[in-house]
Amino acid sequence: MRRFEHYACFDWSGQAVARPRGLALATIAADEDARPVLLRPQGGWSRGAALDWLLAHAEAGTDMLIGLDLSPTFPFVDAGSYFPDWEHSPADARGLWALVDRLCAEDEHLAASSFVRHDEARRYFRHGKGDTGDRFGTLGTGRLRAVEHHQRRTKQANSASCFNLVGAAQVGKSSLTGMRVLHRLAGRVPIWPFDPVPDTGPVIVEIYTSIAARAAGIAGGRSKVRDADALHQALAALGAPPPAPLLAHDDHSTDALITAAWLRNAARDEQLWHSFWHPPALDEAIRRTEGWTFGVK
């Protein structure tokens, strides 16, 4: 089983601005007494700066496991397609990332507004009250990936559909912007489980911050931490000391800190690296088209 020297978590954001408020990054070293560190550039993170940070660690060969809080793909295995009946629907995850990046080439800040406005693509999304695409589907929640069905069925998480762009829990916009970043990283940083895990260097995994919150003892429905005492208690439950004092305890920063500490522990659980949904016949299809949330058993 691979051991890493460093761990990191990006709490991601799909906000179509230069420096999204929801974009935060924390790291932690493998040493048991290492404390998590919140990294915040002057003025806050942009997605372009996040991409540069990832590329820099790829160039340096940093031995780091990096969690991204976003969905790397849309559902595929339920219908045999990301976008049924659309002739340009890609056959796999890398094709999807390329399509999203190409259709959003004119969007500034690695945003993805053009994709959900595209004449064909928009038909698969719920955009707002009274504005639901005719191919969104009959399920009120929207289509789900295999891992999201599994999370709901086993009560590990209450996953939302990436095709839903409405409400505070929507994850579609952040996932689309993340797909643009993944496209630009492909071939430079291995992305599990689409790529094999190498013996050295950085690796990216999809993570879900609420799973880390549960592991830290934070009750379901109260996963947001907004004060120092609650943050320190959560980190202590994960075996990590508190970070340096924060300027503010916004839930994006605390999510990143808690999840980085959780990822250090979770990466040592060999089962999590082989926890694809069953039956086994679907394993390859999931690996190629949908991926899996690290930490889901």
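Which backbone nitrogen does a side-chain oxygen of Asp 227 reach at the start of H7? I looked this up in a predicted model, where local features need pLDDT of at least 70, side-chain atom pairs count only at pLDDT 80 or more, and totals for chains, interfaces and linings use all residues. Residues are numbered from 1 along each chain as its sequence is written, and side-chain values use heavy atoms, with hydrogens and water left out.

**Helix H7.** I found that the side-chain oxygen of Asp 227 comes to within 3.2 Å of the backbone nitrogen of Asp 229. Helices are DSSP runs of H or I with at least four residues, numbered from the N terminus. I then noted that Leu 231, Ala 234 and Leu 235 of H7 (residues 228-237) are buried, meaning under 20% relative accessible area with a 1.4 Å probe and protein chains only, where exposed is over 50%. These three lie on the same side of H7, because they cover an arc of only 95° around the axis, taken from the directions from the helix axis to the C-beta atoms. The buried residues of H7 pack against helix H8 (251-266), with contact meaning heavy atoms within 4.5 Å. On the face turned away from the buried side I found the exposed residues Asp 229, Gln 233 and Ala 236, and just after H7 I saw that Gly 239 takes a positive phi of about 80°.

**Ser 174.** I placed Ser 174 in helix H5 (residues 172-185), and I count Ser 174 as buried because its relative accessibility is 13%. Leaving aside neighbours within four places in sequence, I found Ser 174 in contact with Trp 12, Ser 13, Gly 14 and Leu 70.

Key:
Helices (H or I, at least four residues) and strands (E, at least two) are DSSP runs, numbered from the N terminus. A polar contact is a pair of N or O atoms within 3.5 Å; within protein, one must be able to donate a hydrogen and the other to accept it, and residues adjacent in sequence count only if both atoms are side-chain atoms.
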